[in-house]
Structure formats: structure tokens, C-alpha cells
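Thanks, everyone. Let me put the structure up, and then we'll go through a few spots.

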Amino acid sequence: MMIGRVRGGAPPARARTRAQSRPGGPFRLFLGARLLSLLGDHLFTVALAFAVLEAGHGPAALGAVMAAELVPKIILTPAAGAWCDRLDRRRVLIAGDLVAGAVTAAVAVAVLLGVATVPVLMLLAALLGAATSFFDPAAMGLIAELVDEPGRRDASARLGLASSAAMIAGPAAAGVLVAAAGPGPVIALDAVSFALSAALLARVRRRALPTRPAAESSLLAGVREGWREFAGQTWLWLLTAQFATFVFCGLALFNVLGPVIARERFGGAAAWGLIQAGLGAGFLLGRLASFVFTPARPALAACLLVAATVPANVALAFAGSPVPVMLCQALTGCALAMYATVWTTLVTVRIPEDRLSRVVATDQAISLATLPLASAAMAAVAGVIGFAAALTGGAAVTLLVTAFVARTRAIGAVRERSAPPDEDVPR
């Protein structure tokens, strides 16, 4: 299904895409806003952890604060997607930035005044999670409004590159700043980043507003429509199911068992930091590769990229030093970065603009709900069958599911728009 059609009297789509992607254009402003927000997020995550620990609380308290932010996202994201499809997405992002900035500023004040108790931080984290639940559905929909179809792969790659840069620079800068000034001022800096992001978004001008659902349609009906659209896109729910398998059998196991193995076998936190640095470097490489990676069958390519995450778990199970694990994590980061660009392009090109935010929200809600459940379940399984068996068994399940999904007709039939379409291709 085509979206972002050329309207009467408008210049060709490719020409307008170039104009909108050049420095100073609407997409560049949007990209700058997202970069600021992402940098601030990484500053906040590191600073908040140290704020909790410096207040005398332990890992359990930090986990409770993090969970308090995640739960509202899981609950509100489907409704947020429906709202984003009914409202002006740019204004939704601006409002979200302003609310998140105000809540983050309140966290900074609480830390600086020494009143950042666990209940206070949990309450503020929940408010922050509620505000940021609108970000991804609105941002993905806004890409479709700012960039015409031929330029969306490039736009997705640029956005991914900004995300990878923030992933590398944010935590490093946060560590230096927290050591120099303490967590309170760094959290305040995150609040400033939200304000600057809102200011940039306020300057964004789109070519036209897409049609929105009828005002009399209820919010619950909007959520149901989003689910129907998601379920009707066979290739999409197959990729989502495959990725959920990777989260359960790969990512959760690696994140839960990795620090323990690093401490017992590799020497401690420094080794774990080296392994995670490999992930960040791989992400950056993958984002750069995404500018030239144009598979003829993008859904199949995305599916197969998940298989490249398996070696990291096998290396973690058997390696005697952190170096092989770090190299495999670099491969994982590269594959996931390329996957994200392909997936974003597929969704923004093949989902109608008036339902795009709801479909993204549905996928995100499934992903958000999967990770904490998977972490608890896989930790219990590993305790029973052993770390090596759990890691290799999870890798085998990921490969089997990937092979099954890759062989489905719905995945193989999804082609680049420039490629000749198959007959009777499922949407």
C-alpha cells in the first residue's frame, strides 16, 4: 500500500525528499531534536543509577525505579499510538518533550535537595515513562510526514546513526560529568535537552497534514484498528514474533548471565564494559552500512540479520577471555543496527500514514512487555540447566525460529518498491 502520495501541483517526490533532508530542512530539524533527546536519555540513565546508589540504596531499589518507568510505557503505548494517529504528531512530540523535561527537572531538584527517596523516584519515573510512551509512535509517524517514500531508507539510516552516536557518546559523557559534578546537575542537563528538542520541533514544517480518523471514533476503537492492521500485515507479525523469540532466548539470557560470567570468568566489571563497548562499536558500523545496504527482499534480510546475534551467546558460554565475546557483540550490534533501519523503512513505506503510529505502538508494546518477563524466566531456566546449556539452547531456538520464518512466503514476497512485485503477495 502506497503512502505519502504526491499531491497535485507538487514537485516530484525525489526532489522534495532531497529538499526536506538537506541541512536546515524539516527532517534535519527533527533529526537534531531526536539526537538531543537521545543524548539526554543516556545522561539520565547513568546519572539516575548513581543518584540511587549514592543515596544509600542497593540494586533492588534501582531495579524498582527502572521498573516504575517501564510499566506505564507497557500499559500506555497502545493508546499512545491511537492518539498519535488522531492528533498532530509534531505537537504530540513537543508536548511529550515539555512534560518529560518538567519531570526530569523535578528529579534533578529532588536529588540536589537530598529528598530523592525510592518512592519519590518511582513516582517521577512512572510519570516520565507515561510521557515518553508517546515518543516512538509519534516519531515514526512524523518521518512519513516529513520524507517521501524514496527517501525513507536514507532517513531511517540517518536517524539510526544519530541513535548509535548517542549510545556511544552519552554514557561516556555521563560518566565524566557525574564524576565531576554529581548526578543532580547531569539530570538537570537532561531536562535542558528536552527543552531544546521541543524548540527544534516547534520549527518543523511539514508538506501537509495526513487524513486522521473520524473524531467520533473512540480511542478503544482506534487501538483495535491498530491491532487489526498489525495482525493483517503477515510479514510484520512474523518478524515481531521472531524478534520476540530472540529477546526471550538470546538478549535476555545475555543481559542476565553476561555480568555474572564476566565477574566469575573474565575478571569483573572492566571485562563487561569491554564487551558492551563492542556492541556500541558494532551499532555504529551497522548504521553506516545501512546507507548502502539495499536488499531486494528487505523482510527476508531483516529476518536473516537476527541470526547474526547468535554467535555472541555461544561465545559467552564457552570463551575463556572477553575478547571473542566482544567481537561477537560487535557483530550483534552491526546486525541489529541494520535490522532497525530495514524495519523502520518497511513500516514507514508499507503501513498507511493514518495507522502508522498505532502499528508501531503495538509492536513496541509487545517488545516492552517481553523483555522483563524474559529476563525473569530465562534466569530461572539458567539456574536449573546451567549457564552454558541455557545460552547454547537459546541460540539453537533462535536459529530454528529464524529458519522457519525465513522460509515463509509472506517474508520472501516483500520486495523493494523498485523490484517487480510477486502476484498475490500478502500485505
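The buried residues of helix H12 are Pro298, Ala299, Ala301, Ala302, Cys303, Leu305 and Val306. Buried here means under 20% relative accessible area, exposed over 50%, partly exposed in between, with a 1.4 Å probe and protein chains only. Helices are DSSP runs of H or I, at least four residues, numbered from the N terminus.

A word on the source: this is a predicted model, where local features need pLDDT of at least 70, side-chain atom pairs count only at pLDDT 80 or more, and totals for chains, interfaces and linings use all residues. Residues are numbered from 1 along each chain as its sequence is written, and side-chain values use heavy atoms, leaving out hydrogens and water.

What covers those buried H12 residues? The cover includes helices H10 (234-266), H13 (310-318), H14 (322-350), H16 (387-406) and H17 (409-412).

Next, Arg287, in helix H11 (residues 269-289). Buried or exposed? Arg287 is buried, at 8% relative accessible area. Leaving aside residues up to four places away in sequence, Arg287 touches Gly160, Leu161, Ser163, Ser164, Ala337, Ala340 and Thr341. Contact means heavy atoms within 4.5 Å.

Now the surface. Leu177, Leu189, Val192 and Leu196 form a nonpolar patch, with about 310 Å² of accessible area together. Areas come from the Shrake-Rupley method with a 1.4 Å probe, and for residues only the protein chains shown count as cover. Helix H8 (residues 183-202) gives the most to the patch, 3 residues. Leu177 sits in helix H7 (residues 152-181). Leu177 is partly exposed, at 34%.

Definitions and conventions: Helix = DSSP H or I, 4+ residues; strand = E, 2+ residues; numbered from the N terminus. Patch = residues over 30% accessible without salt bridge, like charges linked within 9 Å, V, L, I, M, F, W, Y side chains within 5 Å. Salt bridge = Lys/Arg side-chain N within 4 Å of Asp/Glu carboxyl O.
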